[in-house]
Amino acid sequence: MIIPIANPKLSYVAYKEAIDNAVFRVLESGWYILGNEVSEFERKFAGWCGCSHAIGVANGTDAVELALRSVGVHDGDCVVTVSNTANATVSAIERIGAVPAFADVREDTYTMNPDSLSRVLARRNAKAVVPVHLYGHPADMPAICSIARSAGAAVVEDCAQAHGASINGEKVGTFGDAAAFSFYPTKNLGALGDGGAVVTSDDVVADRVMRLRQYGWRKRYESESKGVNSRLDEIQAAILSVKLDSLAQMNGRRRQIAEVYNGEFAELPIGLPLALPGCEHVYHQYTLLCDRRDDFVSHLKLAGVGTGILYPVPIHKQPAYVAEFADAMLPVTEGLAGRIVSIPVYPELTDDEVSRIVHAIKSFFAKT
C-alpha cells in the first residue's frame, strides 16, 4: 500500500500571480538586460547556495565554460570530467579549446570515482577537474577536491542537476573554486526559458566571470579581455527569484516521492538510487538500474508512465567523440549505460499519480 504524502500545489499555477507580477515589474521598468532583477536574483541565489557571488549567464553550458576560463583554463589544457553526463559538460570544455579526459564513476552514486580520478591525474597534467553532481546526488567533493588540489588542478562543480543537494549540510557549489548551474526549465530550479549561473566565493574568479559574460568589459565598450555575450535576462531572473522561494519545498516533495518509491520497490529485482550518509539527494532524476530495460520501458509506456534514459550513450562512445577516446577504459560508466532508466519524480506529481506509477512498475515484475 502506498503511503499518503503531502502534495502542496507546486506547479506554475500555484505562483502564477507572483510570476505575473515579476514579469510586469520588468516590463514596466523598461530595463531588460543586466538590471535590478538580475542583481537581486544573483544576491539571493548566492546567499541560498552559501557563496559570496553568483553571476547570471545565458545557460548552463556557458556557466561551465566561463567558470573554467575564470579559474585559468586555456587552449590546450587538460580538464578531467566524467563520460556519464550530458554533452554540455564536454562541449563547454572543448569550446575553450581545452582537452577533456575522463575518470570513471562510482557504481553506487554514478558520480566521479575519486580513485579513478587519482589514476587519471597520475598520468595527465590537468588544469581543472569538473565533477558532475548527477541526478541530484553530490559527488564525493571532499575526496575529489583533496585529490585535485594535490595535483595542482582547480575544481569546477557541474551543479546543473543538483540545486540544493548537500554534503554534511554544505550545499554543492561551495566546495570547488567555482560551480556552474543551469536553469533550463526541467531543472529543480528552472526558468521559463534558458539561464545559468556561476557561483564562487573567490573574488578574483567572480570578477573574471562578470567581465567575460559581457565581452570582457569592465568599462562599457572597453574589453580588458576577450569575452562573450552570455547574460541572464531580467525576465528570467525575476521568475527565478520567485521560484527560488519554493525550491526547498519542491526538493522536499521530490524526496517524499523518492522515499515512497524506495519503500515500494525494496524487494524488486532492480537497483535503487542511493543517498550516502551525510548527503542530501534532491532527486532531479529518480534513476533505477534494470537488466531488462527495453521491456520495462515498453511496459511502462503501455501503462501511460513516461521514462527517460540519462544517458543512453556515454560521451566517449558517441559518434562525435569515439575516435578521440578510442582508448578510454571506463567499465562502470559503460556498464551503467545499458541499465539506467529514470521514472517520474517531479514535485507536481499527485499521490494518485505516484500510486499509479508504483502499480505499473510492480505489475511488470509480477508477470515475469
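Trainee: Let's start with Tyr221. Where is it found?

Mentor: Tyr221 is in the loop between β10 and β11 (222–223). Keep in mind that this is a predicted model.

Trainee: Why is Tyr221 called exposed?

Mentor: Set the value against the cut-off. Exposed means over 50% relative accessible area. Tyr221 has 61%, so it is exposed.

Trainee: And what is said about the phi of Tyr221?

Mentor: Phi of Tyr221 is positive, about 70°, although the residue is not a glycine. Tyr215 also has a positive phi, near 65°, and is a residue other than glycine. You'll find Tyr215 in the loop between α7 and β10 (217–219).

Trainee: What makes Tyr215 partly exposed?

Mentor: The in-between class runs from 20% to 50%. Tyr215 comes out at 31%, so it counts as partly exposed.

Trainee: Now Ala126. Why does it count as buried?

Mentor: Buried means under 20%. Ala126 has 6% relative accessibility, so it counts as buried. Its place is in strand β4.

Trainee: Which residues is Ala126 in contact with, leaving aside neighbours within four places in sequence?

Mentor: Cys78, Val80, Leu121, Gly152 and Ala153. Take Cys78: it is 48 residues from Ala126 in sequence, yet their C-alphas are 4.6 Å apart in space.

Trainee: β4 belongs to a sheet, then. In what order do the strands of that open sheet come?

Mentor: The order is β1-β9-β8-β5-β4-β2-β3, which makes 7 strands with mixed pairing.

Trainee: What makes β1 and β3 edge strands?

Mentor: β1 (53–57) and β3 (99–103) each pair on one side only. Going from one strand to the next, the twist averages 25°.

Trainee: How do you know that β8 and β9 pair?

Mentor: Pairing takes at least two bridges. Strand β8 (residues 178–182) and strand β9 (residues 196–200) are joined by 4 bridges, and they run antiparallel.

Trainee: Which strands does helix α7 lie across?

Mentor: Helix α7 (residues 203–212) lies across β1, β8 and β9, and runs at about 15° to β1. Helix α3 (residues 60–70) lies across β8 and β9 too, with β1, β2, β4 and β5 among its strands, and runs at about 170° to β8.

Trainee: There is also a sheet of 3 strands. What is its order?

Mentor: β7-β6-β12, an open sheet with antiparallel pairing. β7 (170–171) and β12 (279–280) have a single partner strand each, so one side of each is left without a neighbour in the sheet.

Trainee: How do you know that β6 pairs with β12?

Mentor: The requirement is at least two bridges. There are 2 between β6 (residues 166–167) and β12, so the pair qualifies. Ile167, for instance, has Cys279 in β12 as its bridge partner.

Trainee: Last one: why are α9 and α12 called roughly parallel?

Mentor: Their axes cross at roughly 30° and come within 11 Å. Angles under 35 degrees count as roughly parallel, so α9 is roughly parallel to α12. The crossing is right-handed.

Trainee: How do the residues of the contact of α9 with α12 divide?

Mentor: Into 6 nonpolar, no polar and 4 charged. Arg253 and Ile257 are among those in α9, and Asp351 and Val354 among those in α12.

Methods: Residues are numbered from 1 along each chain as its sequence is written. This is a predicted model: local features need pLDDT of at least 70, side-chain atom pairs count only at pLDDT 80 or more; totals for chains, interfaces and linings use all residues. Side-chain values use heavy atoms; hydrogens and water are left out. Axes are lines fitted to C-alpha atoms, for helices over the stretch in contact, and angles run from 0 to 180 degrees between N-to-C directions. Contact means heavy atoms within 4.5 Å. Angles under 35 degrees count as roughly parallel, over 145 as roughly antiparallel, 65 to 115 as roughly perpendicular and the rest as oblique. A crossing is left-handed if the near helix is turned anticlockwise from the far one by less than a right angle, and right-handed if clockwise. Ala, Val, Leu, Ile, Met, Phe, Trp, Tyr, Cys and Pro count as nonpolar, Asp, Glu, Lys and Arg as charged, and the others, Gly among them, as polar. Buried means under 20% relative accessible area, exposed over 50%, partly exposed in between (1.4 Å probe, protein chains only).
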